[in-house]
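Here is a friendly walk through how two chains meet. Have the structure open as you read.

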2 protein chains.
Amino acid sequence: MDQRNFTMLCDFYELTMANGYFKKGMQNDIAYFDVFFRQVPDGGGFAIAAGLEQVVHYIRSLRFTEEDISYLKGKGIFDEAFLSYLRGFRFTGDIWAVPEGTPVFPGEPILIVRAPAIEAQFIETYVLLALNHQSLIATKANRIVRAAEGRAIAEFGSRRAQGAEGAVLGARAAFIGGCAGTACTMTDRDYGVPATGTMAHSWVQMFDSEYEAFKAYCELYPHSATLLVDTYNVLESGVPNAIRAFQEVLLPQGITDCGIRLDSGDITYLSKKARKMLDEAGLPNCKIVASNSLDEFIIRDLILQGAKIDLFGVGERLITAKSDPVFGGVYKLAAKEGNDGTILPKIKISENAGKVTTPHFKKVYRLSEKETGKAIADLICVHDEVVDETKPLEIFDPNFTWKRKTLSDFMARELLKPIFKGGELVYDLPDIQSIKDYCRAEVDALWDEVKRFENPHTYYVDLSQKLWDIKQGLLSAEKHKA
Amino acid sequence: MDQRNFTMLCDFYELTMANGYFKKGMQNDIAYFDVFFRQVPDGGGFAIAAGLEQVVHYIRSLRFTEEDISYLKGKGIFDEAFLSYLRGFRFTGDIWAVPEGTPVFPGEPILIVRAPAIEAQFIETYVLLALNHQSLIATKANRIVRAAEGRAIAEFGSRRAQGAEGAVLGARAAFIGGCAGTACTMTDRDYGVPATGTMAHSWVQMFDSEYEAFKAYCELYPHSATLLVDTYNVLESGVPNAIRAFQEVLLPQGITDCGIRLDSGDITYLSKKARKMLDEAGLPNCKIVASNSLDEFIIRDLILQGAKIDLFGVGERLITAKSDPVFGGVYKLAAKEGNDGTILPKIKISENAGKVTTPHFKKVYRLSEKETGKAIADLICVHDEVVDETKPLEIFDPNFTWKRKTLSDFMARELLKPIFKGGELVYDLPDIQSIKDYCRAEVDALWDEVKRFENPHTYYVDLSQKLWDIKQGLLSAEKHKA
């Protein structure tokens, strides 16, 4: 597993601000920051949180090397005392976060940091980068997996990823979102995501004929022979040669599990024709794999049109989340502590109403129906509030406060788990298969209306009355100040 | 500099094919592969090649560790003899490539590999990943830089990048494409791209008032104070407080170079108003920096509307190339060598005419006008052809062969440079500033028509008569076979 030191992967202003806090004697002021996002990519109804494991590795390996210190010294703007302080710099604060694989919604904190100001500010860049990247890909993968209606999705995009980690951790996130495996060998070695693959066109071209290439592959891998049939002509050459190789090499050994891959042309038409040819040749167990610039929309259309595909290989449009390649998580100050430990909520106002932050040290409950287990709403509260499941609970829309609803027979579950306490890891990182299973169960607990690709139902993310009142109070006060 | 071993960052099929070539005794068959791309992102007229330095590091550190071997052994499909072979696996072949920063066009090889089949095939995934990622970002950065018409562009996108390398090497590629600097500290430390930055909203919020936050920052960094003025209200609070801090802290020291940053709201309106306020306050040297979801289109519009911006900070839309986030470089077999060393050209045909490959071991000339230095066309030839600048040269469109043109007074320059010879590096990697300067000069040598954002003139990429004849011959032969 990659345990590189990413301390220096920070925006330069994190360092100039840190130096500033240090010189102003503010380095031990306790600050609270929230990570949240404002919009679900692709206009979807929810996102899948991912990347926490990398945040944990980052926090634990946070330290400046002597090389870093001398690089910073060379900039000529940092104090000697500050540089000395950086030599011993560690993260000593607290972090809460939603587990990887959790469906999450705009406006709610998915990670909260409470730490001395320099530490809390400094980790901003990498924490956002890790969560934004993997949440983006897990969310996209989940859309694609849902479009495939039970057919397997393999992640095939390493060569088009945005950098090595785009490939390796993108494949990890894709697995969390529901993919069955990846082509990326390193992700298998390092994260246990099953690696899979077929062959390249060049394999076929390296032999004197397509048939010889196929026969050689079946002899080499009789139990996992998936033949790429579009190097010359799918129906006139590829499929007939594949059938001949299967019949000559596999069937005599009693092997009927095999596959062909279509990588160009009209997949619906070709898959139907190929299916018929394979069935007639006594190869009903031969699977048909399709690849070639697929995404959730194309897969949905292929299935609607009756394409005979058993497994989809999805490359560039998954590994880059091509249709909407940015997950816009932000890192915003939510509170400070006074010298007496009082929590002082902080708000960031904006001309754009959607950019006003929700202040204070918070917690988030997911409220579900007792009978169906389905999620009803998320409720953001002040940290010291407790929701009592045994009593009716009135929730309301924070923008249209006359829209109110009283819940009974509900379950309330806190979404944010303690990850670090006083700088120590207090969370058992789950294995990747558990994360994937949890994600699937949590997505199953959402109503279908929230899962639509277009115009999904907006899931309710409400504020408690106490938090709403505090936010309104700060808004009035800030407006008054300005 | 990152010298990680990315050997295992390969599609799993590279390993199954490698094992296959080994068992079939084909591992020493010499193969030629080309890297080329089919479409310029965003419909542009050209791309900027980048990522070669990372390919060089990859090739030089290519080796399987014992951990890798035992992981592969655990898969149960690889031969013991093959695993032993992998222990000593190194790249022993030849590589030619266009230097980083070169403008490149669809269909022409930007990197050529000649090596024993296993080696040539195996490096596919990482070579494509490195070139695709950085060429994507360098190309996007170059568009944004050109849109800014001489104003500086700073890369600000780490937090929204697709993984750590998306941030770090993306910032490197952005610099090659013309950006002035980056917010990413690691890219400065490791690649010498100047790091720059201002402050976050949280800096302002951590102080009791905006004015105190600004004053503190000016005291700390009198020579590089750029103040973020939109935490509360730009024109009523931010700019007046910034002016007060500049007047109280900087002007008495005789410092007039400073800056403000606008990160929300209508940048055109706010920048004009702010410029007027700053000028009236005796701060004509105060620069105005704008950020907030910018790209080449928004920057062009801001300038057209007379926005008073001196420097643009560009984040997510640059670091992910948001409007078209995939660079579709492919890796295709172009030839094999017979046992006698004869080069046997190979073609990949396709129903889709655009996907037919150009066979053979090739070279590429860039042809330019002697008088203006402007590029006229690129000419792809067979490796043993030599263009003689002293004689007239007839070139023709490979699709519409009646479109012909005879050149005289031209210069011909080979684009592909030898990088590895027999596994040894034979290329001096240029420093990053030289790459950037070269890129700028080469883009200057393109006609403006090729640089339009919409419907650019299609630059000519022609085949020599000899290569065209070979391609047609193979096409007929393959069609005949099928």
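The text below covers the interface and then one residue.

This is a predicted model, in which local features need pLDDT of at least 70 and side-chain atom pairs count only at pLDDT 80 or more, while totals for chains, interfaces and linings use all residues. Residues are numbered from 1 along each chain as its sequence is written, chains are lettered from A and ligands numbered from 1 in the order written, and side-chain values use heavy atoms, with hydrogens and water left out.

**The interface**

| Feature of chain B and chain A | Value |
|---|---|
| Residues in contact, chain B | 102 residues |
| Residues in contact, chain A | 102 residues |
| Buried area | about 8,600 Å² |
| Salt bridges | 14 salt bridges |
| Polar contacts | 50 residue pairs, both at pLDDT 80 or more |

Contact means heavy atoms within 4.5 Å. Buried area is the accessible area (1.4 Å probe) that two parts lose on being put together, summed over both. Of this area, 57% is on carbon and sulfur atoms. On the chain B side, B:Arg159, B:Gln162 and B:Met206 lose the most area to chain A, together 11% of what that side buries.

One salt bridge (a Lys or Arg side-chain nitrogen within 4 Å of an Asp or Glu carboxyl oxygen) joins B:Glu219 and A:Lys24, at 2.9 Å from N to O. A polar contact pairs N or O atoms within 3.5 Å; within protein, one must be able to donate a hydrogen and the other to accept it, and residues adjacent in sequence count only if both atoms are side-chain atoms.

Is B:Gln27 buried or exposed? B:Gln27 counts as buried because its relative accessibility is 16%, and buried means under 20% relative accessible area, exposed over 50%, partly exposed in between (1.4 Å probe, protein chains only). Beyond its neighbours within four places in sequence, B:Gln27 touches B:Tyr21, B:Phe22, B:Pro116, B:Ala117 and B:Ile118.
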